[in-house]
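Here is a friendly tour of one protein model. Take a look at the fold, and then read on.

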Amino acid sequence: MKSKQDIINEIDDDIGRLEYRKELIENLEIKNVSIEEWGELCRTPLRYDDLLVDIAKETFPQGYDFKRDCNYIEFSINDISMKLPTHDSKLLIIDLDWLKDYHRQPLIKNRYGDMRKYFELIDSGKYTWYDLAMCGCHQRNKLSKFNLFLWYVFNGRWSKIDRDKWEYEFKLEDDYNKKSIENLNETYRETRYKLNSLKEMLPNLIEFTDVVGMYNYKRYKNDELLNLEINKDDYNV
């Protein structure tokens, strides 16, 4: 159980904190602040004032596109978005959503592999009925060799194949894959640029306060961000 004096001491502490915040506001200057000063300012009604945005601009002079919402001052540095909390938190939150391009849909490498092989065999003149049946029969893995032969005799050998149509499809696929590879190269360059920019600015940000990067429900803090890497081999380029 708390004594009367304990309660009085707590009230005095609260009064002391309020006096300190009052003094901060009375002597307020639009200038660079520490994370401790920032936290105290955010415990005052200044939290809801655009003056806080001006102080954030002085604290992060390399930032741009500053805006205030309910719980954060949002801004960007080197095209990387971040949030400085205006509530009871000392974490600077960095948006890592640009890493989402790192997890992309795979290339359609060879949808028409069987037909490409079919025409290669025809052009070479070196093939057997079995080679052609293995290219043309979609059920080949479910059929015995005898049944596959029956399929070839009654279906495969009489099929009319429009080579021009297939060559057109091959070209569409090749053009698509070429464009996809170009896009992946560009994605890698952009992601690498942002990652390098992030690592360059991190020491200064960490000097101000602890930094956490958020991506896909995962948190990366300080050293984890400094050690974050992407692998060009993952881009198939």
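The accessible surface of the chain comes to about 15,800 Å², and carbon and sulfur atoms hold 49% of that area (Shrake-Rupley method, 1.4 Å probe). This is a predicted model, in which local features need pLDDT of at least 70, side-chain atom pairs count only at pLDDT 80 or more, and totals for chains, interfaces and linings use all residues. Residues are numbered from 1 along each chain as its sequence is written, and side-chain values use heavy atoms, leaving out hydrogens and water.

Of the 237 residues in the chain, 35% count as buried (under 20% relative accessible area, 1.4 Å probe, protein chains only). The chain has eight helices and six strands (DSSP runs: H or I of at least four residues for helices, E of at least two for strands).

T191 counts as buried because its relative accessibility is 4%. A polar atom of the T191 side chain lies 2.8 Å from the backbone oxygen of T187.

Now to the largest pocket, which holds about 300 Å³ of space. Its lining has 18 residues, and M115, Y118, C135, G136 and I161 lie nearest the centre. Helix α4 gives the largest share of this lining, five residues. The lining residues divide as follows:

| Class in the lining | Residues |
|---|---|
| Nonpolar | 10 residues |
| Polar | five residues |

Conventions:
On a 1 Å grid over the protein atoms alone, a cavity is a set of points where a 1.4 Å probe fits but cannot get out, and a pocket is an open set with protein on both sides within 12 Å along at least five of seven lines; lining residues have an atom within 4 Å of a point. Grid points are joined across faces, edges and corners, and a volume is the space filled by probe spheres set on the points. Ala, Val, Leu, Ile, Met, Phe, Trp, Tyr, Cys and Pro count as nonpolar, Asp, Glu, Lys and Arg as charged, and the others, Gly among them, as polar. Buried means under 20% relative accessible area, exposed over 50%, partly exposed in between (1.4 Å probe, protein chains only). A polar contact is a pair of N or O atoms within 3.5 Å; within protein, one must be able to donate a hydrogen and the other to accept it, and residues adjacent in sequence count only if both atoms are side-chain atoms.
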